Structure formats: C-alpha cells, structure tokens
Amino acid sequence: MTRHQQRVNEVFRFFDNRDTELGFRKLLDCAMDTQKMSIYQKAIELTDWREKNPTNIDTLIEKAKSLLDEIASIQVEELSSDNSVLEAKNIKKSYGSNRFSLGPVSVQIRKGQVYGLVGENGNGKTTLLRILAKELSYNDGSLSFNFKDKTTNDFDLRTKLIYIPQRTEKWYGSLKDNLKFVLSNYGINPEENETRTLMMIARLGLWNYKHLKWSELSSGYKMRFELARTLLRQPEILLLDEPLANLDVLAQQVILEDLKAICNSVNNPIALILSSQQLYEVEKISDKVIFLKNGQYKDNHQTSTEEFGDQLIIEIDSSASREELLSLFGALDLHQLKYNGGIYIANFGIETKFSQVLSVLGNVDIEVVYVRNISKSTRRFFVN
Ligand SMILES: Nc1ncnc2c1ncn2[C@@H]1O[C@H](COP(=O)(O)OP(=O)(O)OP(=O)(O)O)[C@@H](O)[C@H]1O
C-alpha cells in the first residue's frame, strides 16, 4: 500500500468515527497531494457546502467519503525524503557590539520532519533561524542545502527556503487577492491561480475570512494568511519564528497539528523548524527539540544522559507545603525537591517509578492541580 493510500485510509477512519473536524482537514491534505485541479475544485465545493450546512453531518460524511474514493484512485507521486535538505555544521556567530555568542550549533533536517527550537528570551533562537535562512552571516562553520532541483538565483532560493519572522508586514486589499498575487508572480494561469488559491484558503481554515482586509484579521488569522502565502510557493524548508505568539492554547494546538500534517505531505514534504516558548505544545509535534541556553545548543536526547542520568523528574503544582511533600516522598528515593515559580520540581532516583509518585499523591488529601513527568522533556533544562 502506498503512503498516499495509507493517508486516505486514515481519513476514512476519521469519518467513520464522525470526527469531521480533523477528518476534513486531513481530507484536504490528501486532496492537495493529488495536484489535480479537478480534485481541488471538488474539495473547494465541498468546503463551501460544509460552511453553508454546518449541522448536516451525515451528508457531509457521505460527500467526503465519495470524494475520498476518488482521491484514493489517483496515483500520487511520492517524493523521497531520505536525505537531509539542510545541514549546518558547527555554526558560530557573535555580534560585535554584544557579548552574546551563538554556537557551535549543528543541525541536520530532512523533509517531512519538524524541529522545535526552544529557549528563553534572548538565547539566540532568532539568530539561529536567520542564519539557517541565509539572512544573517555567521563567523564559523558551514551551511549546505540539498534541494530537489539546483537553485539558480536568489529568487529561486527564496522560494525553496522561506523564513517567516515574528512580526510580519501589513498588506492592502483582500486576503484572497493577496494570495492570488503570489501565484501570478509564478506565471500560473488565472483559472489555476483561482483554484490553487481557494484550495489553500480552505486548507488553512480561512474560508470565511477570504474577503477580509489585514486590519480585520486577528493575529492568529494573520499568521494563517502568512502560512498560506508561503505554502502557495511550495517551499522545501520553512523556518518560522514564534508562530504561536498571540494565539490562545487551542489555536496553538490546531496550527501545530496543521503544520505537522502539511509538512508530512506525500507529494511535497517540507522540513520545518519553528521557534517557540510553548514547550509542551511544540514537543508534542516535534521530531526533535533543539534547546538554546545562552547561545549554547543542547540536544535533548544526548544531554539527558550527561546531565540528569535516568532520573525521574516530576513537576507538581500543589498548594501543599515543602514539608508535607518531603514527608510524603520519604519512602521514595527523593534526591531533591525544588520550589520554582509556584511549582515543585522533584528529582527521584532511577529506581522510582512515576506510578509510585502518583500513587503517593493520590492517597492523601492535598490539593494537586497537575503532576507531569518531565524526565524526557526539555522543560527540565528550564527549571534546573
Ligand atoms: N543585530 C544585533 N546586534 C547585536 N546584538 C544582537 C543583534 N540581534 C540580536 N542580538 C543579541 O543576541 C542575543 C540573542 O538574540 P535573539 O533575538 O537571537 O534571541 P531569541 O532567543 O530569539 O530571543 P526572543 O525569544 O526574545 O526573540 C540577544 O542578547 C540580543 O540582544
């Protein structure tokens, strides 16, 4: 079975389980992979129908499955993503006027992979992203790309390697017209331009916003517009600086899930590196997390053994006093209990199991807001 067929089957299961929200977004991903304008048009019509008939779920499922049948029968060209598309080796950078220095940083990423770049403010995330985007020079190391076709000029490079900064520029006119303008620069004929633009608008959840102006969009939808504009150009590497800033938690989860799915396209996979302060959300979708502290790079996996061994590290939000917790954990192999910004961080020996900690906490009458096992999360770098 091809990867395309596997993806289509997965979407069928979403509709079988009446999960039409995520299912519909995944259906649009599969439709986009076909690169067939006739399929795009049907997906666009279905999006419009769905917006006009939000409560008619049974008919939606029927219509979606019929389109899926058609999508399944189409041969989709699968692009191999075995080799890394970007390789940075021992990159170093320092700003003359500032004591800050970055690196050495080495990164290797393949298409279809998502890397999360995390770290506190001022630790070099933007600097690294801009270096990888070839927007900023570096002092030492090397940076190489392995694109599908050779890049011939700067415009070509800027199509394949796209960096979206934290603050984007204001635009004029309607959202849809701005998106159509992108494709007109690539000499796409008007009919195909309309179809590709509407398809992207549908996929990025912008259907009801397509006639709005910049000033009428919330920051979340401005970010979605930027992504639509970028994805229309079919980049191979996408570097996003803080795409989650100003989004509420739910919107963050939805956009991350969308990004992951879009980057995993069978036909046009993208290597994505995104910086964020939203540690847990980013960790959930990332293939790898890069942590920067004072410009120094930490590989989550490697550093775990060097700094923490196989300790069990637990974060607890509780109004219990330190003494109460110390006495509770007395029977377990507790190495350290720190109070950190309103929450406790407890380090236990490798013999202690998370289930034992949960059991101890569950057997007493103290208030616990949450307990989280951060032994493998980059969160432990932040709190130590
Ligand atoms: N053009 C510049 N000239 C001198 N110093 C700079 C320049 N740009 C950034 N810096 C310094 O480099 C350091 C890293 O900045 P950078 O913007 O890369 O961090 P960041 O992790 O992206 O921060 P934030 O999360 O706040 O955006 C900071 O100390 C910053 O002041």
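**Notes on the predicted model**

1. H5 covers residues 125–132 and is mostly covered, with six of its eight residues buried. Here, a buried residue has 20 or more other C-beta atoms within 10 Å of its own, an exposed one has 12 or fewer, and a partly exposed one falls in between, with C-beta atoms placed from the backbone. Helices (H or I, at least four residues) and strands (E, at least two) are DSSP runs, numbered from the N terminus. After H5 comes lysine 134, with a positive phi near 60°.

2. Before going further, a word on what you are looking at. This is a predicted model, in which local features need pLDDT of at least 70 and side-chain atom pairs count only at pLDDT 80 or more, while totals for chains, interfaces and linings use all residues. Residue numbers start from 1 along each chain as its sequence is written.

3. Now the overall picture. The protein chain has 15 helices and 13 strands, and its C-alpha trace spans about 70 × 55 × 45 Å along the principal axes. A compact globule of 384 residues would have a radius of gyration near 21 Å, and the 24 Å of the protein chain agrees with that; the radius is taken over C-alpha atoms, and the globule rule is 2.2 Å times the number of residues to the power 0.38. Of the 384 residues, 36% count as buried. Among contacts between residues at least 6 apart in sequence, 73% join residues at least 24 apart. Two residues are in contact if their C-beta atoms, placed from the backbone, lie within 7 Å.

4. How is the chain divided into domains? The assignment gives domain 1 (3–72), domain 2 (84–301) and domain 3 (309–383); such bounds come from an automatic or database domain assignment. The centres of domain 1 and domain 2, taken over C-alpha atoms, are 26 Å apart. Across that boundary, 17 residues of domain 1 are in contact with 15 residues of domain 2. On the domain 1 side, the elements giving two or more residues are helix H1 (3–16), helix H2 (20–34) and helix H3 (37–52). H3 supplies the largest share of that side, seven residues. By class, the domain 1 side has six nonpolar, four polar and seven charged residues. Ala, Val, Leu, Ile, Met, Phe, Trp, Tyr, Cys and Pro count as nonpolar, Asp, Glu, Lys and Arg as charged, and the others, Gly among them, as polar.

5. Alanine 64 is worth a look in your viewer. This residue is found in helix H4 (residues 57–72). Is alanine 64 buried or exposed? Alanine 64 counts as buried because it has 21 C-beta neighbours inside 10 Å. Leaving out residues up to four places away in sequence, alanine 64 touches Phe15, Phe24, Leu27 and Leu46. Its C-alpha atom and that of serine 321, 257 residues along the chain from it, are separated by 55 Å.

6. Strand S1 pairs with two strands. Seven bridges join S1 to strand S2 (residues 101–110), and these two run antiparallel; they form a hairpin with six residues between them. Strands pair if DSSP finds at least two bridges between them. Serine 84 stands opposite arginine 110 in S2, and isoleucine 91 has valine 105 in S2 as its bridge partner. S1 also pairs with strand S4 (residues 140–145) in the antiparallel sense, over five bridges. There, lysine 92 is bridged to aspartate 140 in S4.

7. Two backbone angles deserve a check. Most residues other than glycine have a negative phi. Asparagine 90, in strand S1 (residues 84–94), has a positive phi near 45°; this residue counts as exposed because it has 12 C-beta neighbours inside 10 Å. Glutamate 242 has a positive phi of about 50° and lies in the loop between strand S6 (237–241) and helix H10 (249–263). With 21 other C-beta atoms within 10 Å, glutamate 242 is buried.

8. Finally, the ligand. Which residues surround the ligand? They are Tyr95, Ser97, Asn98, Phe100, Gly119, Asn121, Gly122, Asn123, Gly124, Lys125, Thr126 and Thr127; a residue is near a molecule or strand if its C-beta atom, placed from the backbone, lies within 6 Å of it. By class, this shell has two nonpolar, nine polar and one charged residues.
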